[in-house]
Amino acid sequence: MDVLELTRLQFAVTTLYHYLFVPLSISLSTLTAVLQTAAVRTGRADFQRLALLVGKILMATFAVGVVTGLVQEFQFGLGWSDFARFYGDVFGPTLALEGMLAFFLEATFLGLWYFGRDKLPRLAHLATIWVVAVGTLLSAFIILAANAFMQNPVGYTYDEEAGRAHLESFSALLLNEVNLAAFPHTVAGAFMGGGSLLLAVALWGMSRRPADTAAWRTLGRLGAWTTVLGGAGTAVTGDALAKVMTHVQPMKMAAAEALYASRSSAPFSVFAYAPPGEDEPSWSLEIPGLLSFLGKGSFGATISGMGDLQSEYAARFGAGDYVPWVPVAFWSFRLMIGVGLAAAALAAAYLWLTRKGRPLPVPRALSRLVPVLAFALPLLPAAANSFGWVFTETARQPWLVFGLFRTEDGVSLGLTSTEVLLSLGGFALVYGLLALAWARLVQRLLHAGLPPEEPAPAERDDAPVPALTY
């Protein structure tokens, strides 16, 4: 592999690893806030105990997410310095604002929530976790705006002499139509991840801590409903995002369907097979007209194929190969949908089996498999989210910024394969240690069971209010 391929691999490793924790932080912050709101409104101790347990998992996840994000930024500067020079004026403000939200707003209020639970008035304490939840969503919206610029550059001027893009309108950057479509899709996928994790925690708790079964059932149904609703939201927002991408990046959507020739009433391929060495599939299982509907909202609409788009791009951008790696785009798109549907289906099955307060019917012979299922369940949304990112980033190739900046032009000058391999090994080591630390922390939290019951929030209303000091 040459320097370009190794640097792309390094970027993929750091991004995908970081993205294992980001969706959990987004969803767990809101779910903690929901549980604590329920505790304040009802006065029930089980809600308060569940909020504290989920909040502790959130803190461990948030810490690892911040560290992996820092490593990703370091990798970006190390491997893509030429791209950073081109993109710095656009990426700088968004990265700075996202950093302010992530490091200061979220971290500060998450600390206030944890350490101030027996010191702050109950409503002020509740407000701290909602600030964390809103800050996490704002952080996601802003960083997705930076990525949306790479998919559909807007709000900029291009300095041909300096070879740099200058940010002209920050509002246009934030309101990029790709960002407006990608943000709800990403958040819905994040809630699938958080919901599945809570369901897994509940399954584990019911099998190992039966004394708190009622509380675990509450957590299990909250996690299952979150996963199912997140799955429905992912499907609806995915349809909207597909229509936007068909408009701004038709080559990406054509590659997702291995559509080589432009077609009216284009079908959606559920499965396809292409013999080795062949581009076009020799056999496929298709749903007629569905691709046209997903792409343009009409079963009879014409979808551009990669052959016509290649000619169009060559005339527009100059000679070159503008077709991405079709097998990766085709299968990552299907695995994203299929694995996500599997997670939603398992959560829906749990809701049906435990309806009206029924215990989960687990045959004695299969009871030992419950912890295994609990371990595997959160991996499904995590895999679906990762396949989504693989599709988003690889099917954009050969562009880093669509139509403006090619990937091969963004690699740092003077970088050698040995340097990339050594740094990739270092990142893998750091990430491996972080993964062990996170798993160990969550394991200790689960083995400790639900936190002990604390004084009811109402009892803390008379607590002295901390005064501002200098």
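Predicted model: local features only at pLDDT ≥ 70, side-chain atom pairs only at ≥ 80, totals over all residues.
Next, colour the charged side chains. You'll find 30 positive and 33 negative ones, with the centres of the two sets 18 Å apart.

The protein chain has 14 helices and 8 strands. Its radius of gyration is 24 Å, close to the 23 Å that the globule rule gives for 470 residues, so the chain is as compact as a globular protein of that length. Buried residues make up 49% of the 470.

Time for the rings. Across the whole structure there are 26 aromatic pairs. Select Y114 and F115: their ring centres lie 5.0 Å apart with the planes at 85 degrees, so this pair is edge-to-face. F115 is exposed, at a relative accessible area of 55%.

Then select F317 and F402. Are these rings stacked or edge-to-face? Their planes sit at 80 degrees and their centres 6.2 Å apart, so they are edge-to-face. This pair links distant parts of the chain, 85 residues apart: F317 belongs to helix 10 (residues 306-317), while F402 is in the loop between strand 7 (399-401) and strand 8 (405-406). F402 counts as buried, with 11% relative accessibility.

Last stop: select F83, F86, Y87, F91, F149, Y156, Y158 and F405 together. Ring pairs link these residues into a cluster.

Note on methods
Residues numbered from 1 in each chain as written. Heavy atoms only, no water. Helix = DSSP H or I, 4+ residues; strand = E, 2+ residues; numbered from the N terminus. Rg over C-alpha atoms; globule rule 2.2 N^0.38 Å. Buried < 20%, exposed > 50% of the residue type's maximum accessible area, 1.4 Å probe, protein only. Lys, Arg positive; Asp, Glu negative; His and termini not counted. Charge placed at Lys NZ, Arg CZ, Asp CG, Glu CD. Phe/Tyr/Trp six-rings, centres within 6.5 Å; stacked < 30°, edge-to-face > 60°.
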